[in-house]
Amino acid sequence: MTMRLPPGSICLGVLAVLISCTLECHARQSQGGVTFAPRSAVSAANVGSTMNTILDLRGGAKKRGGRTASLHSSKDKGTTVTGKQKVKGSNKQDVKKSAVSDQLAKYKAMLPLTRVYITMVGIVTLLGLVLGEEISQGLLALDPIRVMYGFELWRPITAACFLGSPSIGWLMNAYYLFTYGSSLERGVGTAQHFLFLMIQICILSIFSAFFGLPFFAQSVITSMLHVLSRSMPTQPVKWLVFTVPYWTLPYGLMASDALQAGSSGGSPAAAALPHILGILSGHIYFFHKSIWPRSEGAEDWLNAPAFLSRRFDVDPNVETSKSKESINKA
């Protein structure tokens, strides 16, 4: 009667035969002059070779020093496991340095008087934040009594440089100051622009003292814009989504500020007053500089002194003519 063995017994028998054949082969090699290795070493070598074979069949990377070849190579080359370049700290510092250097280069590239004005605006704004609203009002605001009898001569300058506490409106006014100040200084020259600012500070100090305004930096910006708009009144310019003649731009900004103040619960007249004073003071300068000299027998008495022109303008005539051409093309 034939006896049937279970399948598990057959598998164990085949495995035993394979193990015995392997041991016999190693014994023959050791008798032929090859050093016999212990069973533990042989099994370890077999396991290692089997793992390498499996990795080769699978397509993976072979082990190298306890780590796969891909990980080891990525470490050597300074890349990540996915093959991307690692970001080093020095590169980030270089990016920050380049950004700071670009900003410094743009600051140094400003026209000299506009750069000084922007710097003074920043300093006065910082003083207002440090000192607080009450102390800054008492120290920086225009006070005619203290200016005349206390000889606090810095007050007209600080009143012309204070744009309020940092806000969206402050950023917009600083941008207008940079844009219109640079255009006017480029058009008339640094020396003439310096004379323009001194005249505006004197006129606006009188107007502000009469109306009780402690600061008039917004009026200075409007006066710059008015002089530029009167220099090329029919030049079409973009304002919001409209294309308007240049001469209407100061009035458009005044109307927008008045409407914004009215919608926020403020006084539209109080918001429009600095623009009105700026337009008046700017027109006084423009009339005596550009309109009055064209009359018969009149002369231009608002020319910058020669020592200022020699100090600020390398070649006043050439520089002014080139700048006026650039403004007319704008």
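Start with the aromatic rings: seven aromatic pairs are counted under a rule that pairs rings of Phe, Tyr and Trp (its six-membered ring) if their centres lie within 6.5 Å, with planes under 30 degrees apart called stacked, over 60 edge-to-face and the rest tilted. The model is a predicted one, in which local features need pLDDT of at least 70 and side-chain atom pairs count only at pLDDT 80 or more, while totals for chains, interfaces and linings use all residues. Residues are numbered from 1 along each chain as its sequence is written, and side-chain values use heavy atoms, with hydrogens and water left out.

Select F162 and F215, a tilted pair with 4.5 Å centre to centre and 40° between the planes. F162 lies in the loop between α8 (155–161) and α9 (168–188) and F215 in the loop between α10 (190–211) and α11 (217–231), so this pair ties together parts that are 53 residues apart in sequence; helices here are DSSP runs (H or I, at least four residues), numbered from the N terminus.

Now turn to charged side chains: the whole structure holds three salt bridges, each a side-chain nitrogen of Lys or Arg within 4 Å of a carboxyl oxygen of Asp or Glu. In one of them E152 meets R155 at 2.4 Å, N to O, and E152 is buried at 18% relative accessibility, as is R155 at 2%. In another, D143 and R146 have their closest N and O atoms 3.6 Å apart; D143 is partly exposed at 25%, and R146 is partly exposed at 39%.

Then select K289 and D300, whose salt bridge has its closest N and O atoms 2.7 Å apart. This pair links distant parts of the chain, K289 in helix α13 and D300 in the loop between α13 and α14, 11 residues apart. K289 is buried at 19%, whereas D300 is partly exposed at 25%.

Finish with F287, I291, W292 and W301, which make a nonpolar surface patch of about 400 Å². Such patches consist of residues with over 30% relative accessible area and no salt bridge, nonpolar side chains (Val, Leu, Ile, Met, Phe, Trp, Tyr) being joined within 5 Å and like charges within 9 Å. W292 sits in the loop between α13 (268–291) and α14 (306–312) and is partly exposed, at 38% relative accessibility.

How values were computed: Accessible areas come from the Shrake-Rupley method with a 1.4 Å probe; for residues, only the protein chains shown count as cover. Helices (H or I, at least four residues) and strands (E, at least two) are DSSP runs, numbered from the N terminus. Buried means under 20% relative accessible area, exposed over 50%, partly exposed in between (1.4 Å probe, protein chains only).
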